[in-house]
Structure formats: structure tokens, C-alpha cells
Amino acid sequence: MKPTMETAAEENTEQSQERKVNSRAEMEIGRYHWMYPGSKNHQYHPVPTQGDRASPLSSPGCFECCIKCLGGVPYASLVATILCFSGVALFCGCGHVALAGTVAILEQHFSTNTSDHASLSDVIQLMQYVIYGIASFFFLYGIILLAEGFYTTSAVKELHGEFKTTACGRCISGMFVFLTYVLGVAWLGVFGFSAVPVFMYYNIWSTCEVIKSPQTNGTAGVEQICVDIRQYGIIPWNAFPGKICGSALENICNTNEFYMSYHLFIVACAGAGATVIALIHFLMILSSNWAYLKDASKMQAYQDIKAKEEQELQDIQSRSKEQLNSYT
């Protein structure tokens, strides 16, 4: 019985000593916070015991990790990238095939002499090579803008963490804003230029519809309805025949080359319009991200100055305390 009483007394003594140590530590921390007001944000957290430690079952699971990863995805940049890729693919693919069909129609019906449309063939071939370059460039540029969207999104979400924006990163973001603006203006011109063949094919198709109408079929003036392709400046005025009338024009409209080229030019024009919208979307995203990075850099500079001033104040207080202790 006596050892049991001694053991209980020893346990009570140890518990009282622990409470004294904890209370003394809390008093020291409170005195430290009173002496250094800048350190009030650093709260005291007692060290967890073995029973208070988190179990492995309470660690973040796969679902939480997926939610965290999805939270860092720049959805606006992703949508703009998909729209840009789709528009460029439609413009380049459909435009390439439509140009080849246009050359075939001109050689078979409107300009039988090869020398008359030799320069046009060279220009169309050059445009096809330009289409290859446009497709390759915008594939890389879209990936770069998407990566830049990931970078700026992480910068904004980790603004109050250890993330640091650099002057080089802000300069690159500003360069992308300027380059996207220039490309957007250029694609406005491409969109307007792609509407020209649609207008030409529409005029030919509407003329064929006039020939097919019942009011025109019953008259003898069908052969007087013509389409002169030379007035568009595609082929020179001395090209032969250059002008197709009546039933010959109707036969051209019924060919697969005309049907496919007409609709492919429409799709290519729509793709150019989608690319313009995507670049405008990119321009808004990049401008917003650049503004966020600029504000982040100012906030970081302010926090650095504030931390430096607090450190200097703490050094002054510590030196004054040491001097006071030396006098006493």
C-alpha cells in the first residue's frame, strides 16, 4: 500500500512540475509578444503528444488532391486554346483543299491556256505553304499561352505564400499581350481576305440558281446569263474563255469541285472568325493576368519592406534590452 501511495505522490509531483513549466513558457511567450508587437501574428502552438498526432487515415486522399489540382487549371486559357486550335485547323485544312479545287476549276473552265493563270497558280501554291507555317506557329503559340496561363494562375493563387514573381516573368507576360494584339489585328485581315472567295463563289452560285429557275428555263435568254471571272482580277483580261454562260455555267455549278470548294471556303472563313475570337479572348486573359502579376509584385515589395522594418525594430529593442540589463 505504501509504494502505491509513493507512486501517486510522485505522479502528482511530476504533473505539477509540468503545469509549472507550461505556465512559465506561456508567461515567457506573452512577455515576448508584449515586448515585440510585430510578432503577435505568430501564435503559440503546443507540441502535440503521441495521442494527439493525426493518424494516417486523416491525411488528404485522392479526391482532395484532384480537387486541388483542378483548382489550379486556367479554364479560361484552356477554352481559348481549344477555340484557337479549332479555328486554325478549320482555316488551314479547309482553305488548303479549297484552293486546290479553285485551281482545278480555273484550269478546266475559265482559263484553258496555262500561261494565263501561271502567276495565279504560283500565288496559290505560296499560300498553301503559308498555311503550313500558320498551322505550325499557332500550334506552338497556343501551347505557350496555355503554359503562361498555368504560370499566372499559380502566381495569383500562391500570392500570400512563398511564390515570388520576377521582373522577367512580368516582362514576358507583357510581351505576350503585345504579340497577341498584333496577331489579333493580323487575323482580322485574314478573316476579311477569306470572305473574298466566299463572295465570289456565292455570286456564281446565285447566277446558277437564276438559270435553274422556272421563269428563266422557259425563255431563250438563258445563254445571255454569264459569269466573267476576269472582273475579279484573278486571271488577266486576255485569258480565254474567261467568261462562261448559260448551260455551261450550270454544269460548272453541278460539279463536285465547285460544291466542295464553295462550302470549304465558308468553313475556312468561319475558322478564321473563330481564331479572331480566340485571340481576343487570349488578349483579355493576358491583360488580366499581367495586371494581377503587377499587383502581386507591389504587394511583395510592400511585405518585404514591412518585414525589414519589423526586423530592425526587433533588433533595436533587443539592443536596448541588453543595454538595460548591463546597467542593472
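The residues that line the largest cavity divide into 9 nonpolar, 1 polar and no charged, where Ala, Val, Leu, Ile, Met, Phe, Trp, Tyr, Cys and Pro count as nonpolar, Asp, Glu, Lys and Arg as charged, and the others, Gly among them, as polar. The model is predicted, and local features need pLDDT of at least 70, side-chain atom pairs count only at pLDDT 80 or more, and totals for chains, interfaces and linings use all residues. Residues are numbered from 1 along each chain as its sequence is written, and side-chain values use heavy atoms, with hydrogens and water left out.

A search of the whole structure finds 1 cavity of 30 Å³ or more, and the volume of the largest cavity is about 100 Å³. On a 1 Å grid over the protein atoms alone, a cavity is a set of points where a 1.4 Å probe fits but cannot get out, whereas a pocket is an open set with protein on both sides within 12 Å along at least five of seven lines; lining residues have an atom within 4 Å of a point. Grid points are joined across faces, edges and corners, and a volume is the space filled by probe spheres set on the points. Among the residues lining this cavity are Thr102, Phe110, Met200, Tyr201 and Phe258. The helix α3 gives the most to this lining, with 4 residues; helices (H or I, at least four residues) are DSSP runs, numbered from the N terminus.

Turning to open space, the largest pocket has a volume of about 530 Å³ and is lined by 24 residues, of which Leu99, Met127, Phe193, Pro197 and Phe265 lie nearest its centre. Two or more residues of this lining come from each of α3 (75-110), α4 (118-157), α5 (167-212) and α8 (256-327). By class, the pocket lining has 20 nonpolar, 4 polar and no charged residues.

The whole structure holds 14 aromatic pairs, in which rings of Phe, Tyr and Trp (its six-membered ring) have centres within 6.5 Å, with planes under 30 degrees apart counted as stacked, over 60 as edge-to-face and the rest as tilted. Phe138 and Tyr141 form an edge-to-face pair, 6.5 Å centre to centre with 80 degrees between the planes, and both lie in helix α4, 3 residues apart, about one turn of the helix. Phe138 counts as buried because its relative accessibility is 4%, with buried meaning under 20% relative accessible area, exposed over 50% and partly exposed in between (1.4 Å probe, protein chains only). Phe138 and Tyr141 also belong to one aromatic cluster with Phe91, Phe137, Phe176 and Trp187.
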